[in-house]
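Hi everyone, thanks for coming. I'd like to walk you through one model today, so please have the viewer open and follow along.

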Amino acid sequence: MFSDVRLARDGREVLRRVDFRIDEARIGILGQNGSGKSTLLRMMIGLIAPSQGRVTVGGLDPHHDCVAVRDRMGFLFQTPDNQIVYPIVHEDLAFGLKARGLSRQMVSARIAASLDRLGIGDLAARRVHELSGGERQLVALAGVLTREPPTILFDEPTSQLDLANRNRFRRLLAGMSEQAIVATHDLELVEDFDRVLVIESGRVVVDAAPAEAIARYRELCR
Amino acid sequence: MFSDVRLARDGREVLRRVDFRIDEARIGILGQNGSGKSTLLRMMIGLIAPSQGRVTVGGLDPHHDCVAVRDRMGFLFQTPDNQIVYPIVHEDLAFGLKARGLSRQMVSARIAASLDRLGIGDLAARRVHELSGGERQLVALAGVLTREPPTILFDEPTSQLDLANRNRFRRLLAGMSEQAIVATHDLELVEDFDRVLVIESGRVVVDAAPAEAIARYRELCR
Amino acid sequence: MMSQSAARFGTRDLALVGLGAGLIMALGAIPPIVVGVLPVPITLQSLGVMLVGLMFGPKRGALACLTVLALVAAGLPVLAGGRGGLAVFAGPTVGYLLAWAPAAYAVGFLAMRAEALQRPLWRGIAYLAATIFGGIIVLHLGGILWLAAVSHINVATVMLGSLAFLPGDLIKAVLTVLIVQRVEAMLTLPRL
Amino acid sequence: MIGAVRRWGASAPLVAVPVGWKLALLALLGASVAFIDRPWMLACGVASAACALMLTGASPRALWAGLKGTTIIVGCIGLFDYWSHGLASAAAVTTRLMILIGFAQAVTTSSTVPAMTAAIETALRPLQWIGLLDAERAGLTLTLAIRFVPLILDEIAAIREAQRVRGLDRSIVALAVPLVVKIILRAQDLADAIDLRGPPPRQGRQPVAVAASAESRAQRRAARRACGAVPYDVSALEVGGGKRGDTAP
Ligand SMILES: Nc1ncnc2c1ncn2[C@@H]1O[C@H](COP(=O)(O)OP(=O)(O)OP(=O)(O)O)[C@@H](O)[C@H]1O
Ligand SMILES: Nc1ncnc2c1ncn2[C@@H]1O[C@H](COP(=O)(O)OP(=O)(O)OP(=O)(O)O)[C@@H](O)[C@H]1O
Ligand SMILES: O=C(O)CCCC[C@@H]1SC[C@@H]2NC(=O)N[C@@H]21
Ligand SMILES: [Mg+2]
Ligand SMILES: [Mg+2]
């Protein structure tokens, strides 16, 4: 997927010689603050173009063929506020669904289903700006899930969640048929993933099974 | 500090009959998403007035005597973005210091000191909107610390931090002379606090030593 | 910013004034179009003026406009097309610029009377009337009179020429009302 | 745009010049450039603008990034002027504009936002002496206005990103409504943060003593305003408050 990708911004190298491909269903990305996790995810979905090298998703360049690629991928932003476009929860979740030609009933059925998956059915009619931080993160999550894309990129999906919701999300992830690529600081989340990458100053330094990657990451953080 | 406080918002009861006082130096607040932690903290610093009951801080009502109370307290918002006023990191940290009659050297000394405390000295000249999520949270933290208020309220201070920064913050908190009241989902953070409250749907359900409170909170979240 | 109102003006109001000014300046990032014989461009900044008046009310709206003018005077390139500096105040469009604040005040003032209407449709129509009166009539009055005065073209000719702005300005007014009514459904903004 | 402009390190010569002087010079230039029409004077102007830009110490690429958009528009204005008034006039008009824009860019690139607003604040002091204005709060307002431009542009980018990632929605209202709601809420959070982090407000403006003892609704409201309380849901906190929360006097 990534081949020899570099990204420089304002003269600072944000990613250097990143080179890997992803086929597994559950990929974790660990790394210290500012190591480049979010940048990597943004690049996969074409929000940023590399300054060198190529990114390909299913043979396509996500930056140029963004419509085709975005149809196949969902993205959860690190800041849930940036993700939520409409001011009422169910309006926001409906966004993007109607445009796909789904009937009104199907739209509301899907919305109800994804709210239920996250256990926040009671929030449907609430105003987004009145929600608590964690509730907002759950709504943003629901917004990604309603679209049911085959691949989902999650940028720190559990940062504001309580223990119960965190566990619920972990179970949801385990039972999900979609491919998931998750950048996170929550080590328990990636424990039973297929593969975990560790990034350090824009370079992939570890690419291994979860147990080993987590151990190496802990070492890095000492 | 709180006596029989209630808060209703849009007909929903957000806090009910909250009644406690705080004298300890390290207080943790745990609770599920939407339980009312942030609301409680905002009330302590006078951003929200109770619909019933009284909140007092050092004998003053923080909502009416806001100037006196805010001078004595710092507040870290749950969303770091909303807290950062100026576009360059060091400009932001200088905000509010000059007006307090500090000389230019003292201002830059304090800024350097608080950046150092958090290990982000290299971010001083960076633009805020280019920073990663965790870096922004650290800058927001530094902004609170530069003012050196005797009491600091933290709303999920470690949500975006990596392992290393989380540990650094924990050490910083342990060595700090200021009083700290911390709402968080990070259970390790409150482990050696003096006292931990657990909130459940706007009610304080546990008020105990950390070990017991954490155990009860885990039970609640099952 | 006035000292009498300082006591009533909280930081949140100041922030909204700054926000209004920021909104007007951000709309200046969209390039202007120069048409016809008038040395006045079609800009989106007058949409900003209508918006701040209708959303934030007369005082905050007018102060937002004055804030922009202060920054223009300071030389920042915040007018549409990246113009700024005292040179602007020697140019042909200064009548419009000086009319911004009265225009926003008029829109906000009328909107404060209109907001008592309960039916959204009637309120919308009243808002539209307020926006058209303040954001088009008051604004153009200032602009046209000034232009006629400095350029020695007679008023009738200038008025005829500024008909070119009318379609755009009407679209801006309708857009303003649509946006503000939807925003109002989310937040209650006491106009001030 | 302003605020998002990269400011270079303290080593550059123009950075060391006090902002007040730079702004005063810019204002003077703005007032006088319209009266310059001799070609050699205009050429001098261009040369000195270029010098000023070089003295900021910024890289040519960064400078061009800041000037690009404006240059294109000035080009359009020039074309129009050429068509209506002829070549000589068009050359003069575009040159004048470029001189001003060059200097303005040099000043913004070499000054920090706080320094710039502090200078304006100082300039407003005389108005405060005659009781027209509170210079400190005016300065804060200007700061916020400058701060909001990149913030609004960022927010637009974020909403467009989210819309692109989640499906297309091209209508202006669909962009503007969430934008306005978000930035208003952001402005209020920012105001709260300023109250919490900012300088202690000056004596006399805050009705502390009054509010502590007062029972009257009007005074409580004044106190609440001064503390920057939630304007959009004041009614939710008040029993029997107005339905639409209008607290305007
Ligand atoms: N537009 C930009 N210009 C300059 N530097 C940037 C830009 N965007 C990001 N960076 C820098 O690139 C680095 C990587 O950022 P990124 O957001 O990918 O980090 P991250 O791994 O997601 O960190 P976190 O865990 O804190 O979210 C950071 O140091 C950041 O400051
Ligand atoms: N202005 C408001 N109007 C209506 N309801 C509100 C308002 N503000 C907060 N709430 C509700 O009050 C509850 C408590 O919110 P609060 O932000 O205090 O939660 P929290 O404990 O901080 O949660 P989290 O851990 O997710 O941050 C939430 O259910 C929220 O939706
Ligand atoms: O940028 C300026 O110098 C001021 C331009 C004023 C343009 C006026 S505002 C009303 C009318 N409608 C437009 O679209 N343009 C003019
Ligand atoms: Mg990140
Ligand atoms: Mg919270």
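**A buried lysine and what surrounds the story**

Let me start with D:Lys182, which is buried, with a relative accessible area of 15%. Please keep in mind throughout that this is a predicted model.

So which residue does D:Lys182 form a salt bridge with? The partner is D:Glu155, and the closest N and O atoms are 3.8 Å apart. D:Glu155 is buried as well, at a relative accessible area of 6%.

The unreviewed UniProt entry annotates residues 12–34 of chain D as "transmembrane region". In the model, residues 12–34 of chain D are 78% helix and 0% strand, with the end C-alpha atoms 29 Å apart.

Back to salt bridges. How many does the structure hold over all chains? The count is 25.

In chain A, the side chains of A:Arg195 and A:Asp207 meet in a salt bridge at 2.8 Å, N to O. A:Arg195 belongs to strand β8 (residues 195–200) of chain A and A:Asp207 to strand β9 (residues 203–208) of chain A, so the pair ties together parts 12 residues apart in sequence. Buried or exposed, where does A:Arg195 fall? A:Arg195 counts as buried, at 11% relative accessibility. A:Asp207 is partly exposed, with a relative accessible area of 40%. There is also a network here: salt bridges with shared partners join A:Glu24, A:Arg195 and A:Asp207.

B:Asp207 is in strand β9 (residues 203–208) of chain B and B:Arg195 is in strand β8 (residues 195–200) of chain B, 12 residues apart. B:Arg195 counts as buried at 12% relative accessibility, and B:Asp207 is partly exposed at a relative accessible area of 39%.

Let's move on to the metals. Which protein atoms are the donors of the magnesium ion that is ligand 4? They are A:Ser38 (OG) and A:Gln78 (OE1), at 1.9 to 2.2 Å from the ion. A:Ser38 lies in helix α1 (residues 37–44) of chain A, and A:Gln78 lies in the loop between β5 (73–76) and α3 (80–83) of chain A, so we have a pair linking distant parts of the chain, 40 residues apart. A:Ser38 is buried at a relative accessible area of 18%, and A:Gln78 is buried at 10%.

B:Ser38 is in helix α1 (residues 37–44) of chain B and B:Gln78 is in the loop between β5 (73–76) and α3 (89–94) of chain B, so parts that are 40 residues apart in sequence are tied together. Both B:Ser38 and B:Gln78 are buried.

Last stop, chain C. What does the pattern along the sequence look like? It reads α-α-α-α-α-α-α, with seven helices and zero strands. Of the 192 residues in chain C, 61% are buried. Among contacts in chain C between residues at least 6 apart in sequence, 72% join residues at least 24 apart.

UniProt, again in an unreviewed entry, lists "transmembrane region" for residues 38–56, 63–82, 94–112, 124–149 and 155–180 of chain C. Let me pick out two of these spans. Residues 94–112 of chain C are 100% helix and 0% strand, and their end C-alpha atoms are 28 Å apart. Residues 124–149 of chain C are likewise 100% helix and 0% strand, with end C-alpha atoms 36 Å apart.

Now colour the surface, if you can. Chain C has an accessible surface of about 6,700 Å², and 77% of that belongs to carbon and sulfur atoms. Which residues form a nonpolar patch on the surface? They are C:Leu117, C:Leu121, C:Trp122 and C:Ile125, with about 410 Å² of accessible area together. C:Ile125 is in helix α5 (residues 120–151) of chain C and is partly exposed, at a relative accessible area of 45%.

That's my tour, and I'm happy to take questions.

Terms used: Residues are numbered from 1 along each chain as its sequence is written. Chains are lettered from A and ligands numbered from 1 in the order in which they are written. This is a predicted model: local features need pLDDT of at least 70, side-chain atom pairs count only at pLDDT 80 or more; totals for chains, interfaces and linings use all residues. Side-chain values use heavy atoms; hydrogens and water are left out. UniProt positions are given in the numbering used here, feature names are shortened, and annotations may be inferred rather than shown by experiment. Helices (H or I, at least four residues) and strands (E, at least two) are DSSP runs, numbered from the N terminus. Donors are N, O and S atoms within 2.8 Å of the metal (3.2 Å for Na, K and Ca); water is not among the atoms, so sites may look incomplete. Buried means under 20% relative accessible area, exposed over 50%, partly exposed in between (1.4 Å probe, protein chains only). Patches are made of residues with over 30% relative accessible area and no salt bridge: like charges are joined within 9 Å, nonpolar side chains (Val, Leu, Ile, Met, Phe, Trp, Tyr) within 5 Å. Accessible areas come from the Shrake-Rupley method with a 1.4 Å probe; for residues, only the protein chains shown count as cover. A salt bridge is a side-chain nitrogen of Lys or Arg within 4 Å of a carboxyl oxygen of Asp or Glu. Contact means heavy atoms within 4.5 Å.
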